[in-house]
Each structure stands twice: as structure tokens, then as C-alpha cells.
Amino acid sequence: MVVEIEKQDSELQLELCELQTDPSLLSTKEIDISFWKTLPTLKYPLLREFALKMLSMIGTTYICECTFSNMKHIKSKQRNRLTDKTLSHLIRVSSSEIEVDFAALSLEATHPQNSH
């Protein structure tokens, strides 16, 4: 990894110089989130914190965009009478990664509702 150190924030410049010349890190081929997570905190505190903050913004933005997209599909012209509470529940379910076993839940119910 090569960056123009003099163009970076002054508080990060020293750590960037040390990082680029660190012999234990020269063999690193791929720099991803795991690289920044394993970077020694005592040796590179500012650089590590900065990198992790920048990387978390990408995930946060993606989650936010997905949630707005889900809301757009949930609250359509046909479903415009949803209350805020119901919409909140539907967004929570649509953005969750938890798998729901509806068959097992219906068997556990004490009085399942039958069709009329």
C-alpha cells in the first residue's frame, strides 16, 4: 500500500510512515477490514481507529439504503393506510436476517386460527 503521506492529515502522517515501512506488514497482499482489525492498537492507534470508522460508514450506508428500499416496497399505494407502529414492525422483519420457521410456530400455537 502506497499513499502520499504529505497529503494526509498531519496527525496520521507519522503512523502512515511507520506502517509503510513496517517489515512485519510488508508481506500483506490484501488490505481489507480484517487487516485493520488486527493492526496493533498500541503502535497505530489513530490510523486503526480512522480506518475502522471509514469502513463502518460503508456498511452503515448500505444498511440505511436497504431499509429505505424495503420501506418503499412495504408502504406502496395499495398499503397506504399502515400505521407508524405497523410500518415499524414490518421494516424490522424485512431488514432482519433471522430465519423464521412459520410451520413450527403454527404448531406451537395453542389455538391456531382456522379459515372460515
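## Overall fold

Helices here are DSSP runs of H or I with at least four residues, strands are runs of E with at least two, and both are numbered from the N terminus. On that basis, the order of elements from the N terminus on is α-α-α-α-α. The secondary structure amounts to five helices and zero strands. The model is a predicted one.

The protein has 116 residues, and 15% of them are buried. Among the contacts with a separation of 6 or more, 31% are between residues 24 or more positions apart.

## The largest nonpolar core

In soluble globular proteins, nonpolar side chains tend to be buried together. In this model, the largest nonpolar core consists of 11 residues: Ile-5, Leu-12, Leu-16, Leu-19, Leu-25, Phe-35, Trp-36, Leu-39, Tyr-44, Leu-47 and Ala-51. At least two residues of this core come from each of α1 (10–21), α2 (33–38) and α3 (45–74). The largest share is that of α1, which provides three residues.

## Asp-22, a buried residue in a loop

Asp-22 sits in the loop between α1 and α2. Its relative accessible area is 6%, so Asp-22 counts as buried, the cut-off being under 20%.

Which residues does Asp-22 contact, leaving aside its neighbours within four places in sequence? They are Lys-43 and Tyr-44. With Tyr-44 there is also a polar contact of 2.7 Å between the two side chains. Tyr-44 is itself a member of the largest nonpolar core.

## Arg-79, between α3 and α4

The loop between α3 and α4 (84–95) contains Arg-79. With a relative accessible area of 37%, Arg-79 is partly exposed, because that value falls between the 20% limit for buried and the 50% limit for exposed. Apart from neighbours within four places in sequence, Arg-79 is in contact with Ile-74 and Leu-90.

Ile-98, Val-100, Phe-102 and Leu-105 form a nonpolar surface patch of about 450 Å². One of these residues, Phe-102, belongs to helix α5, which covers residues 102–108.

Is Phe-102 buried or exposed? Phe-102 is exposed, because its relative accessible area is 62% and the cut-off for exposed is over 50%.

Key:
Residues are numbered from 1 along each chain as its sequence is written. This is a predicted model: local features need pLDDT of at least 70, side-chain atom pairs count only at pLDDT 80 or more; totals for chains, interfaces and linings use all residues. Side-chain values use heavy atoms; hydrogens and water are left out. Patches are made of residues with over 30% relative accessible area and no salt bridge: like charges are joined within 9 Å, nonpolar side chains (Val, Leu, Ile, Met, Phe, Trp, Tyr) within 5 Å. Accessible areas come from the Shrake-Rupley method with a 1.4 Å probe; for residues, only the protein chains shown count as cover. A salt bridge is a side-chain nitrogen of Lys or Arg within 4 Å of a carboxyl oxygen of Asp or Glu. Buried means under 20% relative accessible area, exposed over 50%, partly exposed in between (1.4 Å probe, protein chains only). A nonpolar core is a set of buried Ala, Val, Leu, Ile, Met, Phe, Trp, Tyr and Cys residues joined through side-chain atoms within 4.5 Å. A polar contact is a pair of N or O atoms within 3.5 Å; within protein, one must be able to donate a hydrogen and the other to accept it, and residues adjacent in sequence count only if both atoms are side-chain atoms. Contact means heavy atoms within 4.5 Å.
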